Amino acid sequence: MNKKLSIIEVFAIILGAIIGWGAFMLPGSKFLKSAGVINTFIGLLLGSICIIIIERSYHMMMKDTCEEGGEFSYVYNKLGKNHGFIVGWFLSLAYLTMIPLNASALPLVINKLFKGALDFGYLYTVAGDSIYIGEVIVSCIAIFLFMLINLKGIKETGRVQTYIILLLVICVIFVFFGMTYTAGTQTLFNSYVYNYEFDLNQILQVFAITPFLYVGFDAVPQLATNFGFDNKKASILAIVSLLVGMMIYNVLNIATAIAFTPAQATSLEWALGSGVIKYIGRTGFLVLVLALGAAVSSGINGFMVCSTKLIGAMGKKQVIPYSFSKKNKNGELGKSIVFVSIISFIAVMFGREVIIWIVDMSSLGAAIAYFYVCIVTFMKQKEISKKNNIISRISK
């Protein structure tokens with residue numbers, strides 16, 4: 001049991017995969033100008049409801065198949081190797097690209113706090129993005145540290161993730177109430193509430209990106225063999241984590257709306273950060289940067305867990321070399337962890353813009369994996385219904 005994850009640790013891994021850089025940047029760059037506060041809330045809520053519906057399929061499949069690999073294992077067992085291959089590679093790309101995406105965000109966090117401290121040692125420019133050796137070093141150090149943590153064992157990974165998420169939640173609460181107390185709610189109500197209009201187009205603009213925002217909710221099936229509790233609780237935990245993640249997105253959006261109108265927020269490089277400096281001061285900004293750093297770090301850790309579990313499962317089914325499924329002395333997928341880390345090291349060398357392109361494309365792959373799970377769940381349900389009908393006829 002000491003190797004099993006607790007409810008809090010699983011919650012931390014899921015939430016850490018859901019909340020990342022976007023939760024802090026999207027309020028100014030997209031949410032407020034595209035949908036305001038209320039329509040953004042509706043869009044995120046509808047997206048959450050759809051993901052919860054999909055999660056019910058995961059819950060059913062977890063009762064039927066309790067093994068690492070999640071979506072890949074479900075599809076492989078039901079539809080065969082070819083379909084399993086498609087789902088496995090689509091999903092592994094979606095997971096794996098999120099590691100360098102978050103790792104490349106860490107230098108941005110440090111640069112915001114220390115004003116370009118890592119912009120030294122210019123290397124080259126890719127897609128208009130200048131790559132500096134200072135930024136690459138920080139990104140690679142972060143990946144390396146989480147690689148070492150994951151190699152030590154899942155329990156150690158869960159413990160570290162819990163501390164990071166605790167820091168994130170505390171800092172977000174501080175920022176929200178600090179902004180509410182110091183800035184008041186006049187701008188919020190005047191710009192986003194009193195003149196509110198229901199706009200389906202605005203809602204759909206937010207709803208459309210929720211698969212990207214919520215990638216990571218499906219960490220639960222990847223951890224199916226590591227629970228210290230039953231699958232029913234794990235399913236409920238996935239839903240709770242998703243709703244908490246949705247609320248954090250909304251809380252940070254409201255905190256930005258407290259400070260700026262849509263036009264003002266759009267004109268700023270980082271609207272939330274500017275608002276916190278303006279109304280709470282340097283101390284508040286430090287707390288915000290800590291929250292951002294925690295979100296980025298938890299994303300690296302969470303997706304490293306998901307990626308390695310998936311790749312290990314693919315190795316076990318021999319879709320990729322079997323050696324990826326071998327475990328180290330701590331019972332972890334050592335080769336998979338090192339492989340994922342090496343790919344992430346290479347990815348950060350191409351710069352953030354290239355990584356974002358790949359992440360945008362791979363988000364479609366995650367949606368395809370969700371679709372496959374719904375198909376195999378439907379097939380499974382039909383089988384159950386057929387068996388029940390046969391049993392009913394025999395009993396009669």
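Colleague: What's the make-up of the lining of the largest pocket, by class?

Modeller: Keep in mind that this is a predicted model. The lining has 22 nonpolar, 11 polar and 8 charged residues.

Colleague: And how much space lies in that pocket?

Modeller: About 820 Å³ in the largest pocket.

Colleague: Which lining residues are the closest to its centre?

Modeller: Of the 41 residues that line the largest pocket, those are Trp21, Leu101, Leu108, Arg352 and Ile356.

Colleague: Which element gives the most to the lining?

Modeller: Helix 5 does, with 9 residues. Other elements that each supply at least two include helix 1 (7–18), helix 2 (21–35), strand 2 (129–132), helix 15 (282–316) and helix 17.

Colleague: Switching topic: at what angle do helix 3 and helix 17 pack?

Modeller: Helix 3 (residues 38–64) and helix 17 (residues 352–395) pack at about 55°, and their axes are 9 Å apart. That angle is why helix 3 counts as oblique to helix 17.

Colleague: Left-handed or right-handed crossing?

Modeller: Left-handed, as helix 3 passes helix 17.

Colleague: Nice. Which residues meet there?

Modeller: From helix 3 you have Ile54, Ser57, Tyr58, Met60, Met61 and Asp64. On the helix 17 side, they meet Tyr370, Val373, Cys374, Val376, Thr377, Lys380, Gln381 and Ile384.

Key: Residues numbered from 1 in each chain as written. Predicted model: local features only at pLDDT ≥ 70, side-chain atom pairs only at ≥ 80, totals over all residues. Heavy atoms only, no water. Axes fitted to C-alpha atoms, helices over the stretch in contact; angles between N-to-C directions. Helix = DSSP H or I, 4+ residues; strand = E, 2+ residues; numbered from the N terminus. Parallel < 35°, antiparallel > 145°, perpendicular 65-115°, else oblique. Left-handed = near helix turned anticlockwise from the far one by under 90°. Contact = heavy atoms within 4.5 Å. 1 Å grid on protein atoms, 1.4 Å probe; cavity = no way out; pocket = protein on both sides within 12 Å on 5 of 7 lines; lining within 4 Å. Points joined across faces, edges and corners; volume = space filled by probe spheres on them. Nonpolar A, V, L, I, M, F, W, Y, C, P; charged D, E, K, R; others polar.
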